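Work through the exercises below with the model open. Each task is followed by its solution.

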Amino acid sequence: MSNNQKKRNFQIEAFKHKVVVDPKYADKTWKILEHAIHEIYNHNASGLSFEELYRNAYNMVLHKFGEKLYSGLVSTMTFHLKEISKSIEAAQGGLFLEELNRKWADHNKALQMIRDILMYMDRTFIPSTHKTPVHELGLNLWRDNIIRSSKIQTRLLNTLLESILRERTGEVIDRGLMRNIIKMLMDLGPSVYQQDFENPFLEVSADFYRVESQKFIECCDCGDYLKKAERRLNEEIERVSHYLDTKSEAMITNVVEKEMIANHMLRLVHMENSGLVNMLLDDKYEDLGRMYNLFRRVPNGLSTIRDVMTSHIREAGKQLVTDPEKLKDPVEFVQCLLDKKDKYDKIISLAFTNDKTFQNALNSSFEFFINLNPRSPEFISLFVDDKLRKGLKGVSEEDVEIVLDKVMMLFRYLQEKDVFEKYYKQHLAKRLLSGKTISDDAERSLIVKLKTECGYQFTSKLEGMFTDMKTSHDTMQGFYTNHGAELGDGTTLVVQVLTTGSWPTQPNVTCNLPSEMSALCGKFKSYYLGTHTGRRLSWQTNMGTADLKATFGKGQKHELNVSTYQMCVLILFNNSDRLSYKEIEQATEIPSSDLKRCLQSLACVKGKNVLIKEPMSKDIGEDDAFLVNDKFTSKFYKVKIGTVVAQKESEPEKQETRQRVEEDRKPQIEAAIVRIMKSRKSLDHNNIIAEVTKQLQSRFLANPSEIKKRIESLIERDFLERDISDRRLYRYLA
């Protein structure tokens, strides 16, 4: 307890005598430090005791002479830098930068040593008095006394810009030295680098590239110009990486892009004989890729390429679909479309890095010009027909799929998909009934693709056609199992039973079949109706074929593959040597137009003329007479006699198909209107038109006037009503 009290009473007393500091202490100490700074700048630092110097500087600050120490440092460094400045100014020509670089390195070393000596001042005195730290002070003094001295500033800038110009014109310069000098400017602060070098550098570069681009564009074609622009751009990027501030890259590339590309963009793409259109025509993938990569760097660059490409494709496509020569051959026409699509797909893939916006532009261009030709749906179906009959024979499955995928791509562009469906159905029916399809798998594959694209409704009837072919095969097996014995080895019959709704509607044409055929058909009919209740059969003789065995004059035998109509005509000649047109017409009751085509193919086609016509001419007249050509020969035992028929539809047939398509559209438009009104209850006229068009666009482009007629029809039948106060508003009646 007493100990604690003692401690409490204990206190430190002040010095009994005052410590007197030598009045000349500050001057003496500063002299020592000043001498040391001189020695450091004069490269004699090895003899100095840094420990002693540090202690001196420490004591000066401790004894409150920090201000004297700091101002002395400023004046001494300034003195030395002025001397250094003179030495740099005196350097001649190429030695100027080298001298500047050497003195800068010396200054940095000196600054490091001085900073070490004055570390205590740096840590205590400077923060408390808000002065500039020693290292920063050294840089600022170098900036003000050297870099921005009247005789060095302009000379330095000009020397740097001159070196860069020399390098641009192909000379080799000392990049290491350039890097050191530029680094010095960066070390002195961003504002020094920008004001004393970067801003003037960018201005001079813009002038240089403005002049150069003008010179190039006058004498180079587009491809060469782009190569030069690309090379210049890469050179500038490389220059930045070697000796400029990385932040300068965006600015200098901007200058090159503006002067060499943006300012000449339209002139380049439209350049005669070498611009964008010529590159597209000649498949110049490398040049196109270069143009894409350069133009993407400037505002509106890609849209410029895209617009020119789009208008070129549309124009070329328009010429293709309106060229009467091309329209003569539908298969060739579609092949041209596919070749054009392949060509531009390849360009977009190889040159435009599969840019989505370019793909969209290509798609919209194709959609535009394919639909300019109202016969495109028919032609695409004819192309498929040609490929699936013979064009893809012996082709691998993968290649068949590629062709079918390309067809589907064109199909997607069609606005009238239902017209395609009509023709496709007709062509598929002919292929199936004549057994001329190269592969059921390929047929089914295309139907699956159409189903995926347009839904079940689009393909349900097509699938029904395949089902009929299968059930017909089973039916025939059943018929021959039942009646095989009584039929013997005589005439054989193969029947395809077609469901009315699934197959293209055909006119129900009568024709007098030969008696042996008639009896056989009767037996089949009674067998079929006996196994199926509630069905009706009508014979489509215009769609059938027959194989006949024929013996000509000198006993030469052939098997003739003919249509049912041709069979009916030829069988007549078993009992007559000569028949007139009128007699044949009367005996067979084949419609006049079909009979003329049938006789034309039997008597007027070289190599297939099993009949002789009198008088001999290309067309069949009502007064002509026919007899068997006893001199008929062929190197083949089996002879196929086709019917003379136009591959494309005739004008009346076209009108009829068009009419059928229009009729089929009516219920679809009405169904869409009812669906929309059922969910919306009331809607104005314009919105109904828009909604119906949108709903049906996957099948066809609905005509607004037709939609209006369907609305009127639905109002008459009490599905809808007009609003009493607003005549353009419709209401749904449940």
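**Exercise 1: a salt bridge between strands**

Glu 559 is buried, at 16% relative accessibility (buried means under 20% relative accessible area, exposed over 50%, partly exposed in between; 1.4 Å probe, protein chains only). This is a predicted model, where local features need pLDDT of at least 70, side-chain atom pairs count only at pLDDT 80 or more, and totals for chains, interfaces and linings use all residues. Residues are numbered from 1 along each chain as its sequence is written, and side-chain values use heavy atoms, with hydrogens and water left out.

Task: Which residue forms a salt bridge with Glu 559?

Solution. 
- The partner is Lys 638, with the closest N and O atoms 4.0 Å apart (a salt bridge is a side-chain nitrogen of Lys or Arg within 4 Å of a carboxyl oxygen of Asp or Glu).
- Lys 638 sits in strand E6 (residues 638–640) and Glu 559 in strand E2 (residues 557–563), 79 residues apart (strands are DSSP runs of E, at least two residues, and helices of H or I, at least four, numbered from the N terminus).
- Lys 638 is exposed, at 58%.

**Exercise 2: cysteines**

Task: How many disulfides does a search of the whole structure find?

Solution. 
- The search finds 0 (a disulfide is a pair of cysteine sulfur atoms within 2.5 Å).
- For Cys 568, the nearest cysteine sulfur, that of Cys 511, is 3.6 Å away.
- Cys 568 is buried, at 3%.
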